[in-house]
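Trainee: I am new to reading protein structures. Could you walk me through some features, one at a time?

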Amino acid sequence: MKISMRLGLLAVLISSMFPVLASATADSGAGGKLLPAQEKRDFLPFKATEKLLPNGLKVIIIPTGMPNLISLQIPVQTGARNEFEAGKSGFSHFFEHMMFRGTKEFPPDKYGEILARAGVRPSAYTSDDLTNFHMTFFKDDLETMLKIEADRFQNLSFSENDFRTEAKAVLGEYNKNSNHAIRRLVADVREAAFQKHPYRHVPIGFLKDIEDMPNLYAYSKVFFERWYRPEYTSIVIAGDVDPEKAIALVEKYWGKWQQGKERVKIPVEPAPTAPVYKPVIWSGATLPYVSVSFHAPAFSVENKDHAALQVLFSLVFGEDSELRNRLLQQEQKVDELFDRTTSNADPGLVTVIARVKKPGDVIYVRNAILEKMADIVQNPVSEKELADAKTKHKYELIRSLDNTEQIASTLALYIHYQRSYATFDQFQKIIDELTPADLLAAAKKYLRDEGMVVTTMSDAALPAGVEKLPGLNSFNKTSSASKFNILVQASSLPQVSFKLIFNAGSVHDPVGKEGLAALTAAMLASADSTERKVDEIRQMLSPLAASFSVQTDKEMTSFTGTVHKDNWETLMRTAMPQLLTPGFREEDFLRLKDAQKNALLRDLKNNNDEELAKEVLQSMAFSGSAFAHPVLGTIKGLDAITLDDVRQFWRQAYTKGAVHAGIAGDVNTSMLASLQQALNQLPQGQGFTRLAAPVIPRHAGLAVQIIQKDNRSTAISLGLPIEVTRSHPDFAALWLVKTWLGEHRSSLAYLTKRIREVRGLNYGTYAYIEAFPRGMFEFLPIANRARQAQLFEIWIRPTLPENAEMALRISLSELDKLIQQGLSKDQFEMIRDYLMKNVFMMMASQDQQLAYALDAQWLGTPEFTQMMRTQLSKLTVEDVNAAIKRHLNAENMSIVMVAKDAENLKEHLLADRPLPIKYDVAQPKELLEEDRVIGQRKLNIKASSINILPVQQVFAE
């Protein structure tokens, strides 16, 4: 995440000043002694020369190595902080203007002419703690610029008329900016936060004081004589400059400037004792604003607290923060949210400001900010997140210092407090040394209820109760950070995986937009986040062998992230935003929508007859229910889906109440905390309601769907709905039955033996009691496809068209024989012994262990291995055979056949003639007799029960 040590334009408007990056230093010497800077510096590779003149003026020379140009910066330690007398605010800013009124030697016209001939555009700004005068020019004009600047600092002259005229101009500037809502908001925040310290007002001053300023000509002389003195001023000269010559010129023109005689003490702000709420009514039109501030420490290069809060607030509330992305992108409650940590000479404020879209959401947004405040008081940021943030800050800052003027202006902001070049590096060193513990300690110290200042601004009434400020402790009790019961499966494996399962699948596709669940999931794992392009994400993860993937099924969608433990934070920071703050870019939407249509049209319908038959079987069995259409959707449904549909589905589905989370591997508390923090970015809500399993009446007889397709072989799937899922008491019994009938590549697979090994009709025949997509590629079931509606299914792998009907009859005959005769005791015990061990094979990988554990959580069952071994150990052969009769039959099934000559196949099925098998080799008489009996088996299929559908029309709508 980005740490911005510079505030953008908006922050400049807020403070009516340029950002104060840093300030403080150690003594640099006195009495004309030259102090060369350290040779080695972390950020700036320059050798600076510093000299403190006898009159107290500090001179800092920085040769930048860049030719021809010099930048002159003259920061004076006077700003809003110095305006402590009642009724006299705004004079620092006033003298920023007045200094351009000229002197007797160089009146305004002459001063302007000199600058114009040199091609110089002088400027200045005022902040809380300094007024800086700056210009950049050709190196040969250095003496001229030092001469005229020294003259106006030492000899500024202005009449009362000049004073009154400029005071009116300042009022005009105030009026010009008076319609800027956020300026007013920040001014009111300060007025509410401070009671005695001059930070109570912004640099331009209070309106009443500005209006009275024309009457304070005499006081203006006092203010100027008090603060425009060498002991409060630095001369910073950077660029193509010779230090010795430059210092000689400064001594020549500035050496006689006299120190001031008056020493004043700035009032100290008392410690706050109670939270403050201040409402602001805006007369113009504005969206509501919410500001949450806390009293904070002064800038320091000795104490870490200021730097720690600045980094912490940038991480937690800055432009890349999860809260900003959630409120701005995900929930769309605000259109802006930003942080501001003032770098002041005295204790200031840390602030978060949000502009809220609807008045009714003001309390929600305020509480979201306070909840995050409560969280960072309790939970440290991760070491990796902090390290990456510091690295990014370092390189962004270095990149910005690419010219003499930028270098000089940045240094002026660091130099102006204790007037030392070293301050810059000292502050960067503090940033570099920060630890999560430092950030947490600073949060605990300063983010306290008594130091809280909440301000709202609106042009309309806000919700009732907005004035009641909840304490931070109230959020600790309800913080969602402790709500997630993350399943942890610790091991010594360095590869760490996490899984997130949501109650969202194709059963939740809206009618007419089938495929929306899968497309939305793809947009959350294979598309941009708001922070990064998907190509960038892949490039970052690839060298780490890390991945973030998604699997969508009927009732659930599961995300899996895996990475070596050393790179955990990179995975979380890089991939998780795809899910939490998706980019939802049109180009990604179109790309993934096309890919999903191609997966449906090309891969499933045209290139994979086996999976096509299995999917059509699902549709037949669950016709008329939400379980009927494929996870990929339909062509018409996909065409109807818009990007807005995807956004809406994401908001509804991916909520805190819909997620089951787990993590496995060599997990530490930091990893668990970062996963918790990520899940806390999910919106509130329960997600979709889990649908009940559809009640599907079984049809009488066999129903056949023939998919007409130009192919060389015939693929067959047949089955019927069953009520048995993992939570059913007969699950272990039917699991044993399907294992006996056939598992992929299992030597025990009975149907494969009878159809492939004995007769050579196809490549294999298998049985399932749970959905098993991609069966030809997987030996073991893939978890996280738990369903409440399942099929008993027999999958006959493609056979020659002339053998298709016989392969079907063999399968039905063997099933019928199983139902009528059951398993023998020996068969039962053999399969049970196999499964008691094989169940461990299903849990061989860490990923599968975690996946099955989450399935058990989702289904409300015991852990799979324990459940299966317990149930299997209690089973008897009588239990199994009784379960077969309760749930299976060979008479009332749905059958899908993918065939080229569909009409001929239909005619053969209806004719129901005896079928022979022609063998190329001699077969035993027993087999031939078995073939004769099976070949004469009647299918008794009615003409109305056979439907032919061209493949082009399958899943069209």
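Mentor: Gladly! We begin with Ala771, which sits in the loop between strand 20 (765–768) and strand 21 (790–799). Helices (H or I, at least four residues) and strands (E, at least two) are DSSP runs, numbered from the N terminus. This is a predicted model, so local features need pLDDT of at least 70 and side-chain atom pairs count only at pLDDT 80 or more, while totals for chains, interfaces and linings use all residues. Residues are numbered from 1 along each chain as its sequence is written, and side-chain values use heavy atoms, leaving out hydrogens and water.

Trainee: Is Ala771 buried or exposed?

Mentor: Buried means under 20% relative accessible area, exposed over 50%, and partly exposed in between (1.4 Å probe, protein chains only). Ala771 has a relative accessible area of 15%, so Ala771 is buried.

Trainee: Which residues is Ala771 in contact with, leaving aside its neighbours within four places in sequence?

Mentor: Contact means heavy atoms within 4.5 Å. By that rule, Ala771 touches Gln618, Arg787 and Gln790.

Trainee: What should I look for in a helix?

Mentor: An α-helix has 3.6 residues a turn, so residues three or four places apart point the same way. Now take helix 8 (residues 217–227), whose buried residues are Tyr219, Ser220, Phe223, Phe224, Arg226 and Trp227. Viewed down the axis of helix 8, these buried residues fall within an arc of 165 degrees, so they line one face of the helix. That arc is taken from the directions from the helix axis to the C-beta atoms.

Trainee: What covers the buried residues of helix 8?

Mentor: The cover includes strand 4 (69–76), helix 2 (91–98), helix 4 (142–155) and helix 5 (160–177).

Trainee: How do I read a sheet?

Mentor: Start with pairing: two strands pair if DSSP finds at least two bridges between them. Here, 5 strands form an open sheet in the order 8-12-9-11-10, with mixed pairing. Strand 8 (276–281) and strand 10 (334–341) are the edge strands, each pairing on one side only. Within this sheet, strand 9 (residues 289–296) and strand 11 (residues 348–356) pair in the antiparallel sense over 8 bridges. Helix 12 (residues 362–378) packs on the sheet, and its direction makes about 25 degrees with that of strand 9. For such angles, axes are lines fitted to C-alpha atoms, for helices over the stretch in contact, and angles run from 0 to 180 degrees between N-to-C directions.

Trainee: Which side chain makes a polar contact with the side chain of Asp305?

Mentor: A polar contact is a pair of N or O atoms within 3.5 Å; within protein, one must be able to donate a hydrogen and the other to accept it, and residues adjacent in sequence count only if both atoms are side-chain atoms. The partner of Asp305 is Lys445, at 3.1 Å. Asp305 lies in helix 10 (residues 305–317) and, at 11% relative accessibility, counts as buried.
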